[in-house]
Amino acid sequence: MGKKEHYPFWYGGLASMVAATCTHPLDLAKVRMQTSATKNVSMVGTLWNVIRHEGPLKIYQGLSASLLRQATYSTTRFGVYEYLKECVSQDHNHTPPMYVLLPLSMVSGWIGGMVGNPADIANIRMQNDRSLPEAQRRNYKNVFDALRRMGADEGPKSFFRGLVPNCSRGVFMTASQVVTYDVFKRFLVEQVGLDEAKRTTHFQASLLAGLVATTVCSPVDVVKTRIMNSHNHESAIAIMKTAIRNEGIMVMFRGWIPSFVRMGPQTIVTFLVLEQLKHSGIGARHH
């Protein structure tokens, strides 16, 4: 039996930060669409409005918060998931079955959501700030200024705003993205006969995982975005009821296209970088 490799905890976080840098404008468009009271808004139209009215560089508004969010949220969820997966794997050469992976991913996603919640609030507020009336804008300079002012102006409780929907999204995201990637990759290797080490295999598995993750996470993502961006203190249920009553049930899938256009490439880049990091073995330990 070969030596077992232990990959560094930060692999998933670094891969996610690379992906977030590539897809940030699409994430900004998704947030703007989810918080808009206008029904017929498109991804291209939203980005064009940002470029025309705020300037080309504003499509990267809130990038520092996005990177901190991935450094906290994704590092935690990927790291915990890989650690738990190693703990339950009797044979490290084979992926455990889905009924084992699902509860592991749910625990990992919840913990990741808790750790990343403050940066996620700052990320959403910074991305959406310029679309608000001038009197309501927060004008954060960067993510650290946002966190400092949140604590000073709103108190420590503000860091946990929208925690339950955010952790719920973390559960759905990790289960639908990370688990389905493992399952799709195993299917492509064992049933289709693709090479496990090839980038084309990783690409196909991650594309399918991104499609599943976008659809599963859309409703909770809309509610989470509206809670974190709100100046009021309504519950998740109240916000969801109001949105559906005023805008129809499909509001829960508002921004699905930019979400998928973002989630697809983000998932692909994340797993391609993650697989390359594993292949490189940087920082890996053997025993």
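Reader: What volume does the second largest cavity have?
Author: First the idea: on a 1 Å grid over the protein atoms alone, a cavity is a set of points where a 1.4 Å probe fits but cannot get out, and lining residues have an atom within 4 Å of a point. Points are joined across faces, edges and corners, and a volume is the space filled by probe spheres set on them. Here, the second largest cavity comes to about 60 Å³. This is a predicted model, where local features need pLDDT of at least 70 and side-chain atom pairs count only at pLDDT 80 or more, while totals for chains, interfaces and linings use all residues. Residues are numbered from 1 along each chain as its sequence is written, and side-chain values use heavy atoms, with hydrogens and water left out.

Reader: Which helices each supply at least two residues of that lining?
Author: Helices (H or I, at least four residues) are DSSP runs, numbered from the N terminus. For the second largest cavity they are H1 (11-35), H4 (98-128) and H7. Among the lining residues are Asp-27, Lys-30, Arg-69 and Asp-221.

Reader: How does this lining divide into nonpolar, polar and charged?
Author: Ala, Val, Leu, Ile, Met, Phe, Trp, Tyr, Cys and Pro count as nonpolar, Asp, Glu, Lys and Arg as charged, and the others, Gly among them, as polar. The second largest cavity has two nonpolar, two polar and eight charged lining residues.

Reader: And what is the volume of the largest cavity?
Author: About 100 Å³. Its 13 lining residues include Gln-70, Tyr-73 and Arg-77, which are among the closest to its centre. H3 gives the most to this lining, with six residues.

How values were computed
1 Å grid on protein atoms, 1.4 Å probe; cavity = no way out; pocket = protein on both sides within 12 Å on 5 of 7 lines; lining within 4 Å.
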